[in-house]
Amino acid sequence: MNLLSDFVKNYREYTDYEDMRKNFALNIPNDFNFAYDVIDKYAQIAPEKRAFVWCNDEDEEHTFNFAEISRDSKKAANFLKKHGIKKGDAVMLILRRRYEFWWLLPALHRIGAIAVPATNQLLRSDIVYRCNSASIKMIISFDDSHILQEIDSAMSECPSVQEKVSVVGKKEGWTDFHAEFEAMSDDFPRPKGEEATHNSDTMLMYFTSGTSGYPKMVMHDFTYPLGHIATAKFWQNVMDDGLHISVAETGWAKAVWGKIYGQWIAGTAIFVYDMLSFAPDLFFKKIAHYGVTTFCAPPTAYRFLIRQDLSKYDLSNLKYCVTAGEAMNSEVFNKFFEKTGIKIHEGYGQTESAILAGTFPGMTVKPGSMGKSAPGYDVQIVRPDGKKCEPLESGSIKVNLKNGKPAGLLVGYYKNEEQTKAALGGDWYDTGDTAYYDDDGYIWFVGRNDDLIKSTGFRISPFEVESVLQQHPSVLECAVTGVQDPKRGQVVKATIVLTKGYEATKELDVELKTFAKEHLALYKIPRIIEFVDELPKTISGKIRRAQIRKDDNA
């Protein structure tokens with residue numbers, strides 16, 4: 001059983017995409033709170049229903065049902081309240097994939113405090129910036145020596161932080177979460193009066209991963225989880241009582257896209273593998289052992305996975321796979337389909353949103369296309385004059401706000417009225433990305449507006465060039481950028497990570513350029529190729545082309 005009928009008006013299985021687009025509508029209760037209205041309701045009506053399965057590389061594993069999640073999140077809320085956290089306080093969670101995240105995030109929702117997930121890849125300067133920008137009152141971290149050291153070194157410049165909490169082990173100067181947790185009461189009544197939460201209150205805040213400039217602070221309100229019903233049920237196609245994994249660390253927004261909100265509302269359990277690093281062979285062994293049914297990963301992960309001998313693993317339970325983060329090239333799609341018989345369904349969205357567009361059940365899969373507008377959103381490709389683009393005409397990806405802000409879209413940027421007004425003050429929310437329609441109305445990603453290359457009067461999509469280069473067996477990953485040129489304005493550069501067994505040579509440089517020439521128009525061919533050991537990426541795994549451009553211009 002699931003709770004979809006509680007929050008989707010006249011919920012039923014839709015016959016096709018058009019039926020879904022026409023009839024899908026959310027039922028948003030007054031003062032909705034995910035902890036009370038989803039977790040606690042499951043604990044009441046289906047206490048033994050599996051919520052999530054957790055394991056790590058040390059062969060530790062736990063399975064939690066909803067009665068246990070309800071109980072433990074209440075105990076965590078009492079712990080937080082004991083240590084001074086109240087409604088409106090900002091608490092930073094640096095927990096990688098520790099199971100305590102699934103106690104502490106709902107605990108903050110119960111109180112009405114603002115959860116600020118962050119990655120353990122942060123450095124001292126990142127922590128100082130985030131703590132001061134968001135007025136962080138408490139930092140909760142796991143026992144990673146690097147991040148603990150970075151946090152401690154930052155504290156002299158973070159006056160708002162009143163307490164540091166460790167969820168694993170003891171450390172001087174830190175409060176030991178588990179030393180107090182067991183003694184906490186499991187009774188935490190829904191707050192009333194001034195302490196009650198409301199739909200418009202800020203519930204969650206993410207710092208954008210920032211491909212350029214300082215990260216922005218994206219605010220989501222208490223209706224945000226309902227926006228992810230479309231993400232989980234209609235894009236990821238999660239199954240009631242299934243087991244879903246999204247390859248995401250809790251420090252970035254893809255975690256709440258795929259590891260809690262929409263998935264639990266739709267009735268699936270979450271599989272959480274707290275891996276120290278991404279090892280494709282071990283990863284597939286875990287998927288096979290635990291019987292994962294639905295799977296979401298960025299294109300980068302699929303590029304590694306298709307190089308495995310998938311016949312070694314029992315993937316009979318795996319039914320549906322999706323990807324987002326960057327557009328996927330057809331070579332990866334075809335190889336994965338050849339090895340598994342499963343077509344990867346693409347989707348598109350941002351830290352600022354739930355799923356905005358996708359290839360939904362019943363739609364024909366077109367590799368490389370992000371599909372069509374998601375249920376609950378009116379996404380359009382728009383010209384500068386505000387008119388809808390014709391097929392094959394590039395324009396800005398925008399969300400229509402004329403009928404109000406859809407659930408799942410940001411409510412603003414924290415402490416920045418100018419950015420908020422620019423994003424939400426008119427008829428459109430501009431994603432900052434460029435795309436075009438094909439003749440069937442499918443949307444095809446062109447690139448970030450800042451990433452487009454302008455060479456001899458032509459506009460070149462990095463993705464188009466990358467898709468061709470990644471078909472060559474020597475190319476594991478690549479990033480295409482523009483380099484300033486006095487004659488052409490910019491020339492195309494490809495920064496390439498090689499597949500194991502290949503070496504960076506002049507002969508390979510020539511071979512790759514010749515390969516590109518066979519598949520691309522002359523003006524799109526990389527004039528410069530640089531071989532590197534790794535590409536700069538954001539904490540969410542997106543390639544930082546802006547960093548490559550900056551390094552080239554240094």
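Q: What counts as a helix or a strand here?
A: Helices are DSSP runs of H or I with at least four residues, and strands are runs of E with at least two. In this predicted model, the protein chain comes to 18 helices and 26 strands.

Q: What makes the radius of gyration of the protein chain agree with that of a compact globule?
A: For 554 residues, a compact globule would have a radius of gyration near 24 Å, and the protein chain has 23 Å, so the two agree. Along the principal axes, the C-alpha atoms fill a box of roughly 70 × 55 × 55 Å. Of the 554 residues, 60% count as buried.

Q: Why is the pair of Trp54 and Tyr99 called edge-to-face?
A: Ring centres must lie within 6.5 Å to pair, and planes over 60 degrees apart count as edge-to-face. The centres of these two rings are 5.0 Å apart and the planes stand at 85 degrees, so the pair of Trp54 and Tyr99 is edge-to-face. The structure holds 29 aromatic pairs.

Q: Why is the pair of Trp54 and Tyr99 said to tie together parts that are apart in sequence?
A: Trp54 belongs to strand E1 (residues 50-56), while Tyr99 is in the loop between strand E3 (90-94) and helix H5 (101-111); the pair therefore ties together parts that are 45 residues apart in sequence.

Q: How do you know whether Trp54 and Tyr99 are buried or exposed?
A: Buried means under 20% relative accessible area. Trp54 has 0%, so Trp54 is buried. Tyr99 has 10%, and therefore Tyr99 is buried too.

Q: Why is the pair of Phe101 and Trp102 called edge-to-face?
A: The ring centres of Phe101 and Trp102 are 5.1 Å apart and their planes are at 75 degrees, so this pair is edge-to-face. Both residues are buried.

Q: Why is H5 described as largely enclosed by the rest of the structure?
A: In H5, 11 of the 11 residues are buried, so the helix is largely enclosed. Among them are Trp103, His109 and Arg110. After H5 comes Gly112, whose phi is positive, near 90 degrees.

Q: What makes the charged end of Lys343 count as sitting over the ring of Phe337?
A: The rule asks for NZ of Lys within 6 Å of the ring centre and within 35 degrees of the ring normal. The charged end of Lys343 sits over the ring of Phe337, 5.8 Å from its centre. Lys366 lies over the face of Tyr442, at 4.5 Å from the ring centre.

How values were computed: Residues are numbered from 1 along each chain as its sequence is written. This is a predicted model: local features need pLDDT of at least 70, side-chain atom pairs count only at pLDDT 80 or more; totals for chains, interfaces and linings use all residues. Side-chain values use heavy atoms; hydrogens and water are left out. Rings of Phe, Tyr and Trp (its six-membered ring) pair if their centres lie within 6.5 Å; planes under 30 degrees apart count as stacked, over 60 as edge-to-face and the rest as tilted. Buried means under 20% relative accessible area, exposed over 50%, partly exposed in between (1.4 Å probe, protein chains only). The radius of gyration is taken over C-alpha atoms; the globule rule is 2.2 Å times the number of residues to the power 0.38.
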